[in-house]
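Biologist: I would like a close look at a single part of this model. Please keep it brisk.

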Amino acid sequence: MSLKEDIVKNFGEDIILSANSLVEKKILTIPVSPALDIVLGGGIPEGSFVIFTGMPKVGKSLSSLDFSATAQKPEYQGDLKNPREVYYLNIEGRLKQRDLLGIKGLDLNRFHIIGSQQGKILHAEEYLQIGERIINEIPGSIVILDSYSALCTEAEITSDMDKMQRADGAKLLAKFCRKVSNVIPVNKNIVIGITHLMGNPTGYGAEFKEKSGQGIAYQTDIKLRAKSSKPWCLGADDTQIGQEVEWQVICSALGPPGGVAKSFIRYGEGIDKLTGLVNLASDVGVISKGGAWYTIKTSKDSHKFQGAEKTRIFLMENPEIAKEVEDSVKTLLGIKK
């Protein structure tokens, strides 16, 4: 008996595979927004450990909710035997009705919230244990941990305020990563962890550091950092309708790091993908822009509009043209459709 046959006999089929099987393996990739998909190399693939990080109130949680709504769509179920489920670990306890109702297309029947209740306050060990079980037992699920920074261990919760001990949240996260690292790609889960930036008091290195420890840094497949956010205003009276968020790709499972892209968060809707598409297509010349006028030339006709909002509305009413514009952008930038 050869060594390979002996290993298969003792450890099971498909333990040893050729490198070609990995190269030729088809992986379902789920989009985030047009501009982000370009800098990510296509979007977020199944089996990924993802981090959204940045300063407070820049849209990290909302972006994870919007991505969940996209992942629930029929065209992104892949070969799953059951419809994709989302599990939101509400560690900060700040998820609101407004947040859920403000995401267009989110299936609330397949969106499950895990959090503390009266008489039962969950600590870090319990949250991570629940997350681990979901990853192991529900293939294809989206697991959102919001946030790593707010994980509070049982020792911290039960001790008095005047008792200062070292927080072991980072050690727990490192153990969590070790336990799920092999499971996530096999079960095709997507785990999204949200982290916060805090000031670096040492005076050395970066001005801000992430509050989560180094364990997750080695596990991460995709990491997006919200560099900045500003009000998104529309109309003659400059009514704020959302936020413009600038993201930087720290690392990606599909493309190179360092890319920067802008996403548009529209209140009551989520990530406005069509405004993002108009913005991106005009930047690369697929949509011609002259002053306030936008011109879309299709294979059949030409359409001209005053302002990005009217252009967005036209694309919303004509999804086949929106698809043609998006495909043209991807072709121009060398992204697989």
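How many of the residues of strand E3 are buried, and what lies around them?

Modeller: This is a predicted model, so local features need pLDDT of at least 70 and side-chain atom pairs count only at pLDDT 80 or more, while totals for chains, interfaces and linings use all residues. Residues are numbered from 1 along each chain as its sequence is written, and side-chain values use heavy atoms, with hydrogens and water left out.

Seven of the seven residues of E3 are buried (under 20% relative accessible area, with a 1.4 Å probe and protein chains only). Strands here are DSSP runs of E, at least two residues; helices are runs of H or I, at least four; both are numbered from the N terminus.

Take the faces in turn. Ser48, Val50, Phe52 and Gly54 are buried on one side. Phe49, Ile51 and Thr53 are buried on the other. In a regular strand the side chains alternate between the two faces of the sheet.

Now the pairing (at least two DSSP bridges between two strands). E3 runs parallel to strand E7, residues 190–194, over five bridges. There, Phe49 stands opposite Val191. Five bridges also join E3 to strand E10, residues 222–234, again in parallel. Gly54 stands opposite Ala226 in E10.

Helix H8 packs against E3 through its buried residues (contact means heavy atoms within 4.5 Å). Those residues are Gly169, Leu173, Ala174, Phe176, Cys177 and Val180. They fall within an arc of 160 degrees seen down the axis, so they line one face of H8 (the arc is that of the directions from the helix axis to the C-beta atoms). On the other side of H8, Lys171 and Arg178 are exposed (over 50%; partly exposed lies in between).
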